[in-house]
Amino acid sequence: MKQRPILGITMGDPSGNGPEISVKALMDPTTYERCRPIVVGDAKCIEAAVAVVKGAESLTVNAVKEVKDAKFVFGTIDVLEMNQVDLSKRLYKKDRKALAEKMGAEELASAYKESQVMCGEAAFQYVKKVIELAMAGEVDATVTNALNKDHINMAGHHYSGHTEIYAHYTDTSKYTMMLAHEELRVVHVSTHVSLREACDRVKKDRVLEVIRIANEGCKALGIAEPKIGVAGLNPHCGENGMFGREEIEEIQPAIDAAMAEGICIPEKAPTPPDTVFSKALGGWYDIVVVMYHDQGHIPLKVKGFVYNKAEKKWDAVAGINVTLGLPIIRASVDHGTGEGHAGDGSANELSLINAMDYAITLANHR
């Protein structure tokens with residue numbers, strides 16, 4: 001029988017929803033039939049989350065210093081103890097109103113900033129540690145809960161997100177973000193830059209690089225002959241240069257070069273951005289190369305995020321983020337830290353479960 005892969009799961013920002021959704025995801029006994037999960041974080045934060053998550057009362061937390069000491073059995077949440085958080089200084093956003101009645105405005109602002117810096121440092125250290133574990137072969141795949149970019153930057157770590165941290169600590173120069181929900185997958189030519197800069201980054205070499213990474217990423221998921229759609233940048237793909245020349249001068253040459261390498265791009269040309277996702281959902285493509293952040297994020301989140309207007313709650317917060325091109329596996333939730341409701345046990349764990357599923361699939365294929 002094939003050994004279940006070990007997943008290193010970062011706890012995320014301690015003042016966010018990561019501790020709670022980690023607990024919720026590990027309440028399912030079938031998870032342990034498919035993988036061996038270990039949370040990289042602070043055991044005291046996971047214990048606090050167990051206390052607020054409905055139905056988690058019977059779970060125990062096993063703090064360990066090394067992965068080899070984990071139990072990997074249902075009913076016990078293994079935590080690689082990082083000891084980064086002083087719970088007495090952690091302030092949830094939802095508690096600020098009550099705290100304002102006890103503290104002066106200046107005192108509250110100082111305490112809140114101290115909490116943010118502490119949580120940013122903790123979240124960063126969890127990510128750095130899980131990368132080290134994967135690079136050393138102690139975990140088979142990594143899964144990340146959300147961090148707060150402001151918090152990690154306040155703590156002195158100047159990265160725009162997980163992807164850039166992973167690239168730095170794995171010494172990777174050619175990588176891209178893949179978002180996925182069910183059969184819809186997208187990869188990005190650029191991500192965390194202004195829209196003005198994103199247009200300038202649509203260059204043949206980068207588009208070709210991302211097409212190649214998309215092709216290999218699909219193969220890593222077990223898709224033997226991936227079909228790739230390539231979105232245009234401009235309305236109607238520029239209408240032969242009337243609305244922009246990026247399709248003519250940068251995107252089409254990249255497509256031609258990719259096809260010469262044997263990569264399957266069924267339409268042999270860029271596809272208008274307003275139809276490419278409908279075609280992907282219809283099975284035309286296994287993955288879509290998009291030109292900038294929101295071009296890919298919006299359709300994924302329209303499909304994966306479902307808000308119940310009548311009950312005023314999210315029925316689903318689904319979808320995942322995978323960094324392709326790394327020497328290690330990294331899958332992530334596709335949502336933020338949810339700080340407005342963190343600490344009340346209401347966070348939705350579906351995206352984390354999706355990310356774990358992807359990590360398991362990638363680890364098994366590798």
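Is Asn83 buried or exposed? Select Asn83 to start: at 54% relative accessibility this residue counts as exposed, where exposed means over 50% relative accessible area, buried under 20%, and partly exposed in between (1.4 Å probe, protein chains only).

Before moving on, a word on what is on your screen. This is a predicted model, in which local features need pLDDT of at least 70 and side-chain atom pairs count only at pLDDT 80 or more, while totals for chains, interfaces and linings use all residues. Residues are numbered from 1 along each chain as its sequence is written, and side-chain values use heavy atoms, with hydrogens and water left out.

**Two loops**

Stay on Asn83, which sits in the loop between strand E4 (76–81) and helix H4 (96–100). Helices (H or I, at least four residues) and strands (E, at least two) are DSSP runs, numbered from the N terminus. The phi of Asn83 is near 50°, a positive value in a residue other than glycine. Most residues other than glycine have a negative phi.

Now jump to Glu182, in the loop between strand E6 (176–181) and strand E7 (184–188). Here phi is near 55°, again positive in a residue other than glycine, and Glu182 is exposed, with a relative accessible area of 52%.

**A hairpin**

Strand E10 (residues 305–308) runs antiparallel to strand E11 (residues 313–317), and four bridges join them; two strands pair if DSSP finds at least two bridges between them. Click Val306 to find its bridge partner in E11, Ala316. E10 and E11 form a hairpin with four residues between them, and Lys312 in the turn has a positive phi of about 55°.

**The cores**

Go inside now. A nonpolar core is a set of buried Ala, Val, Leu, Ile, Met, Phe, Trp, Tyr and Cys residues joined through side-chain atoms within 4.5 Å. The largest one has 93 residues, and Ile211 and Val289 have the most contacts inside it. Helix H5 (residues 105–135) gives the most to this core, with 11 residues.

Centre on Val289. Leaving aside neighbours within four places in sequence, its contacts (heavy atoms within 4.5 Å) include Val187, Val210, Ile211 and Ile228.

**Two cysteines**

Finish with Cys45 and Cys119. A disulfide is a pair of cysteine sulfur atoms within 2.5 Å, and by this rule the count is zero. For Cys45, the nearest cysteine sulfur is that of Cys119, 7.4 Å away. Cys45 counts as buried at 1% relative accessibility, and Cys119 counts as buried at 0%.
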